[in-house]
Amino acid sequence: MCEVYEEIKAYYLKKGFLPSEILITKIMLGVYGCVPAFDTQFLSGMKKAMIQKSVSFLKTLQALADFSSINPALDAYITSTATSNPSYTYMRVFDDFLWHF
């Protein structure tokens with residue numbers, strides 16, 4: 001995932017545009033469904049859930065993985081959402097969970 005993040009960033013840099021983390025993660029969520037979109041609402045949810053955001057994208061992903069492995073409310077939300085929206089990826093549901101946290 002970090003490699004894809006860097007490839008998207010490099011693509012925009014070659015075009016003379018410095019992409020934000022929000023843009024890159026929204027592209028990754030929309031195209032691959034592999035990471036949540038690090039937009040304002042999601043980051044606010046991370047803060048409320050006391051998930052440490054790191055300067056390192058990889059360390060932030062690890063913090064999200066740690067949170068998801070110990071949070072029963074997230075499991076319940078995923079189960080509920082999977083029933084009503086079976087096409088959503090795990091990260092899309094995780095994004096939605098913290099967006100509403």
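Guide: Arg92 and Asp96 both belong to helix α6, where four residues, about one turn of the helix, separate them (helices are DSSP runs of H or I with at least four residues, strands are runs of E with at least two, and both are numbered from the N terminus). The two residues form a salt bridge whose closest N and O atoms are 4.0 Å apart, the term standing for a side-chain nitrogen of Lys or Arg within 4 Å of a carboxyl oxygen of Asp or Glu. This is a predicted model, in which local features need pLDDT of at least 70 and side-chain atom pairs count only at pLDDT 80 or more, while totals for chains, interfaces and linings use all residues. Residues are numbered from 1 along each chain as its sequence is written, and side-chain values use heavy atoms, with hydrogens and water left out.

Side chains of opposite charge can pair when their charged atoms come close. Across the whole structure the search finds three salt bridges. One of them joins Glu21 to Lys53, with 3.1 Å between the closest N and O atoms, and it links distant parts of the chain, Glu21 lying in helix α2 and Lys53 in the loop between α3 and α4, 32 residues apart. Glu21, at 22% relative accessible area, is partly exposed, and Lys53 is likewise partly exposed at 32%. Lys26 and Asp39 also meet through their side chains in a salt bridge, 3.2 Å from N to O; because Lys26 is in helix α2 and Asp39 in the loop between α2 and α3, this pair ties together parts 13 residues apart in sequence. Here Lys26 is partly exposed at 42%, while Asp39 is buried at 11%.

The loop between α3 and α4, which holds Lys53, also holds Met50 and Ser54. Met50 is exposed, with a relative accessible area of 75%, and its phi is near 60°, a positive value in a residue other than glycine. A polar atom of the Ser54 side chain lies 3.0 Å from the backbone nitrogen of Ser56, and, residues up to four places away in sequence aside, Ser54 touches Lys59 and Thr60, contact meaning heavy atoms within 4.5 Å.

Beyond its neighbours within four places in sequence, Leu98 is in contact with Gln41, Phe42, Gly45, Met46, Ala49, Ile51, Leu64 and Phe67.

There are also 12 aromatic pairs in the whole structure (rings of Phe, Tyr and Trp, the last by its six-membered ring, pair if their centres lie within 6.5 Å; planes under 30 degrees apart count as stacked, over 60 as edge-to-face and the rest as tilted). Tyr5 and Phe57 are stacked, at 4.3 Å centre to centre with 25° between the planes, and they link helix α1 to helix α4 across 52 residues; both are buried. The rings of Phe67 and Phe101, with centres 6.4 Å apart and planes at 80°, are therefore edge-to-face. Phe67 is in helix α4 and Phe101 in the segment after α6, so this pair ties together parts 34 residues apart in sequence. Phe67 is buried at 11%, whereas Phe101 is partly exposed at 38%. Through ring pairs, Tyr5, Phe38, Phe42, Phe57, Phe67, Tyr77, Tyr90, Phe94, Phe97 and Phe101 are linked into a cluster.

Definitions and conventions:
Polar contact = N/O pair within 3.5 Å; in protein donor to acceptor, adjacent residues only side chain to side chain. Buried < 20%, exposed > 50% of the residue type's maximum accessible area, 1.4 Å probe, protein only.
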